[in-house]
Amino acid sequence: MRITVAALVIAALSGCSHADRQADSRPAADPNLLAGCGPLEDQKLAAAIGVTGMRRQSEPTVCDWTATNHGGGVVDITYAWLRDDTLAREVRIADRFGYRVERLVVRNFGGMYWRDPADPGGCAVTVADTGTVTWWVRNRDHTAQLDPCAAAMNLMNATLSVDGI
C-alpha cells in the first residue's frame with residue numbers, strides 16, 4: 001500500500017495525471033519509449049521477473065500490474081516515468097516517507113534502490129537522466145519470495161535495453 005501511495009504522491013508532486021485508458025499506452029506521436037507504461041510489453045515484463053497471470057491495473061503516468069509468482073503469491077508491479085524529474089527530488093520523497101535509500105549507478109545513470117524498512121517484500125529502482133524511471137515490485141504477502149530488488153533491477157535493465165542504452 002505504501003508503494004502505491006508513494007507512486008501516486010510522486011505523480012501528484014510532478015504535476016502528472018493518469019491519461020484515459022487507450023489500446024496503445026504510448027501515443028503514436030510520442031517517440032519517447034519511456035512514455036506511457038514504458039517500452040516493455042506485458043509478456044516481456046512477466047518474463048523478466050518470472051511471474052505469470054499478469055494483468056495491467058492502470059495506465060500512464062503511473063502504471064500498475066498484478067501478477068502471480070511461481071509460489072502462487074500475488075506480486076504488484078508499478079512503473080513510473082516522470083519527465084524532468086530529478087534523482088535529488090526522488091531522494092527527498094523517499095526520506096519524507098521513511099524509505100531506506102541506497103545510491104547506485106545503472107548503465108552510467110545515477111539511481112537508487114528504495115526500500116520500506118517495514119516491508120521486506122517491496123523494493124524499487126529509480127534511475128535519472130532527463131527525468132526519472134522507476135520500477136516497484138512488491139510481494140503482497142510482505143515476504144521476499146520473489147526478490148523484489150532483483151526483480152525491479154531486471155525490469156530496469158530490460159527497459160534500458162529496449163530504449164537502446
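Trainee: How many bridges join strand 2 to strand 3?

Mentor: The model is a predicted one. Strand 2 covers residues 62–69, and strand 3 covers residues 74–83. These two strands run antiparallel, and the number of bridges joining them is 7.

Trainee: Which residue is the bridge partner of C63 in strand 3?

Mentor: Strands of a sheet pair through backbone hydrogen bonds, either parallel or antiparallel. For strand 2 and strand 3 the arrangement is antiparallel. Within strand 3, the partner of C63 is Y79.

Trainee: In what order do the strands form the open sheet?

Mentor: The sheet has 7 strands with antiparallel pairing. Its edges are strand 1 (51–56) and strand 4, each of which pairs on one side only. Neighbouring strands are turned by 20° against each other on average, direction ignored. The order is 1-2-3-7-6-5-4.

Trainee: At about what angle to strand 1 does helix 2 run?

Mentor: Helix 2 comprises residues 42–49. It lies across strand 1, strand 2, strand 3 and strand 7 (131–139). Relative to strand 1, helix 2 runs at about 140°.

Trainee: Helix 3 packs on the sheet as well; about what angle does its direction make with that of strand 5?

Mentor: Helix 3 touches strand 3, strand 4, strand 5, strand 6 (122–128) and strand 7. Its buried residues include L87, V91 and A94. The direction of helix 3 makes an angle with that of strand 5 of about 10°.

Trainee: How many residues of strand 5 are buried?

Mentor: Strand 5 is joined to strand 4 by 7 bridges and to strand 6 by 5 bridges. Strand 5 is mostly covered, and of its 7 residues the number buried is 5.

Trainee: Which residue in the turn between strand 4 and strand 5 has a positive phi?

Mentor: Strand 4 and strand 5 run antiparallel, and V105 has G110 as its bridge partner in strand 5. The two strands form a hairpin with 2 residues between them. The turn residue with a positive phi, of about 50°, is R107.

Trainee: Why is the pair of Y99 and W114 classed as it is?

Mentor: This structure holds 5 aromatic pairs. In the pair of Y99 and W114, the ring centres lie 5.7 Å apart and the planes stand at 75°. Since planes over 60 degrees apart fall into one class, the pair is therefore edge-to-face.

Trainee: Which residue lies over the face of Y113?

Mentor: Y113 stands opposite V125 in strand 6. The residue over its face is placed at 4.8 Å from the ring centre, and that residue is R115.

Trainee: With which side chain does the side chain of D76 make a polar contact?

Mentor: D76 lies in strand 3 and counts as buried because its relative accessibility is 18%. Leaving aside neighbours within four places in sequence, D76 is in contact with residues including W65, W136 and R140. The polar contact, at 3.0 Å, is with the side chain of R140.

Methods: Residues are numbered from 1 along each chain as its sequence is written. This is a predicted model: local features need pLDDT of at least 70, side-chain atom pairs count only at pLDDT 80 or more; totals for chains, interfaces and linings use all residues. Side-chain values use heavy atoms; hydrogens and water are left out. Rings of Phe, Tyr and Trp (its six-membered ring) pair if their centres lie within 6.5 Å; planes under 30 degrees apart count as stacked, over 60 as edge-to-face and the rest as tilted. A charge sits over a ring if NZ of Lys or CZ of Arg is within 6 Å of the ring centre and within 35 degrees of the ring normal. Buried means under 20% relative accessible area, exposed over 50%, partly exposed in between (1.4 Å probe, protein chains only). Helices (H or I, at least four residues) and strands (E, at least two) are DSSP runs, numbered from the N terminus. A polar contact is a pair of N or O atoms within 3.5 Å; within protein, one must be able to donate a hydrogen and the other to accept it, and residues adjacent in sequence count only if both atoms are side-chain atoms. Contact means heavy atoms within 4.5 Å. Two strands pair if DSSP finds at least two bridges between them. Axes are lines fitted to C-alpha atoms, for helices over the stretch in contact, and angles run from 0 to 180 degrees between N-to-C directions.
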